[in-house]
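Reader: I would like to go through this model feature by feature and hear what stands behind each label. Please set the value against the rule each time.

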Amino acid sequence: MAKRKEQPAEEGSPAWMATFSDLMNLLMCFFVLLFASSTMDEGKIQQIAASFNNMSFSILEAGAISLDQGPLVSGGVTQLPGIDSFLENIGVSVEVKGNNQDTSATGSDEGREDGTSQIDPTEENTEEVVIENSSEMQESEANQTEELSQKELKEQMEEQGLEQSEEMYDEISQIAESYSIDDRIVIDFNSQYVSLDLNGAILFDAGQADIRNDALIFMRKIAVILSRYKDCVIEIEGHTDNVPIHNSIYESNRYLSTARATKVYEYVMEQANLTDENIKIAGYGESRPVASNSTEEGRAKNRRVSIKIYNQLNSNNDSVQE
């Protein structure tokens with residue numbers, strides 16, 4: 001019997017495979033439509049998310065525990081209410097960075113040997129602490145600004161006062177030179193006043209407060225100078241050396257210095273049209289020396305009457321007028 005000749009196999013896939021593929025495609029499209037129109041089970045998704053740790057795909061024992069309801073963010077990280085305490089109870093420490101939660105399984109807290117969790121008290125009332133710190137910072141900045149403003153104001157006043165005093169110093173020096181008395185007085189100035197130191201030996205006899213007759217012309221010229229600044233505060237101060245006084249009129253150098261300042265005040269008021277309320281009188285005795293009392297030359301410098309003419313800026317200052 002002759003053998004049957006085999007037919008060569010057809011090229012390509014069998015016909016039934018194309019039909020089967022079309023059926024599978026239709027079924028996949030059908031189930032995709034069903035899945036798209038259905039509601040996702042959020043609880044199951046949260047259970048899956050809880051089984052992931054640090055974006056890994058290892059399944060933990062806690063994966064079967066149901067969590068609270070909350071929105072799913074992405075990558076297995078959730079923003080569920082109470083998630084921090086829950087994860088700590090199952091042995092997962094939570095580190096919060098910004099708005100994301102980074103959880104890592106540690107088995108126990110680093111600061112506790114017994115493995116129990118401890119809630120950081122500094123995390124409570126965070127908003128109140130931030131507000132309080134902000135208020136303290138604002139108050140501190142305000143105080144610094146106020147201190148800086150007061151310092152700047154003081155510096156400006158000193159600068160203006162120094163300019164006024166310097167102008168007065170130049171004027172008084174020119175007048176004293178024109179009167180030929182510049183060698184008999186010591187003129188100085190600062191940011192508050194111009195001072196005129198009159199030698200006590202020229203004005204008074206030893207232990208006396210009456211102005212000597214040969215010093216009256218000199219004092220008349222001083223009165224003319226003071227009349228130019230009658231609107232300014234003027235202080236007349238008496239000073240002595242440290243040699244104790246021995247007479248029946250004055251009990252101490254303090255009394256003598258006060259009496260000499262008073263005599264100068266009375267004389268300039270007679271000679272010049274000064275404002276009495278702007279004039280102050282004081283006697284300091286030996287308490288404010290300008291030179292050493294160990295030498296005769298130093299004691300002569302300490303026996304003096306100082307006249308301080310305050311500039312207009314400081315004359316308007318209430319602390320000077322009082």
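Reader: Which residues point one way from β9 and which the other way, and are they buried or exposed?

Author: This is a predicted model, in which local features need pLDDT of at least 70, side-chain atom pairs count only at pLDDT 80 or more, and totals for chains, interfaces and linings use all residues. Residues are numbered from 1 along each chain as its sequence is written, and side-chain values use heavy atoms, with hydrogens and water left out. From β9, R304, S306, K308 and Y310 point one way while V305, I307 and I309 point the other way, and all are buried. Buried means under 20% relative accessible area, exposed means over 50%, and partly exposed lies in between (1.4 Å probe, protein chains only). In a regular strand the side chains alternate between the two faces of the sheet.

Reader: What makes β9 largely enclosed by the rest of the structure?

Author: Seven of the seven residues of β9 are buried, so the strand is largely enclosed. Strands and helices here are DSSP runs numbered from the N terminus (E, at least two residues, for strands; H or I, at least four, for helices).

Reader: How do you know that β9 pairs with β6 and with β7, and in which sense?

Author: Two strands pair if DSSP finds at least two bridges between them. Seven bridges join β6 to β9, which run antiparallel, and Y193 stands opposite Y310 in β9. Six bridges join β7 to β9, again antiparallel, with I236 opposite I307 in β9.

Reader: Why are β5 and β8 called edge strands?

Author: The open sheet has five strands in the order β5-β6-β9-β7-β8, with mixed pairing, and β5 and β8 (279–285) each pair on one side only. For β8 the partner is β7 (residues 234–239), joined in the parallel sense over six bridges, where E237 has A282 in β8 as its bridge partner.

Reader: What does helix α7 touch on the sheet, and what angle does its direction make with that of β8?

Author: Helix α7 (residues 253–271) packs on the sheet and touches β7, β8 and β9, where contact means heavy atoms within 4.5 Å. Its direction makes about 155 degrees with that of β8; axes are lines fitted to C-alpha atoms, for helices over the stretch in contact, and angles run from 0 to 180 degrees between N-to-C directions.

Reader: Why is the pair of F30 and F31 called edge-to-face?

Author: Rings of Phe, Tyr and Trp (its six-membered ring) pair if their centres lie within 6.5 Å, and planes under 30 degrees apart count as stacked, over 60 as edge-to-face and the rest as tilted. By this rule the count comes to three aromatic pairs. F30 and F31 lie 5.6 Å centre to centre with 70 degrees between the planes, so the pair is edge-to-face. F31 counts as exposed at 53% relative accessibility, whereas F30, at 46%, is partly exposed.

Reader: What makes the pair of Y169 and F189 tilted?

Author: Y169 and F189 are 5.0 Å centre to centre with 40 degrees between the planes, and therefore fall into the tilted class. Y169 lies in helix α4 (residues 126–178) and F189 in strand β5 (residues 185–189), so the pair ties together parts that are 20 residues apart in sequence. Y169 is partly exposed at 26%, and F189 likewise at 27%.
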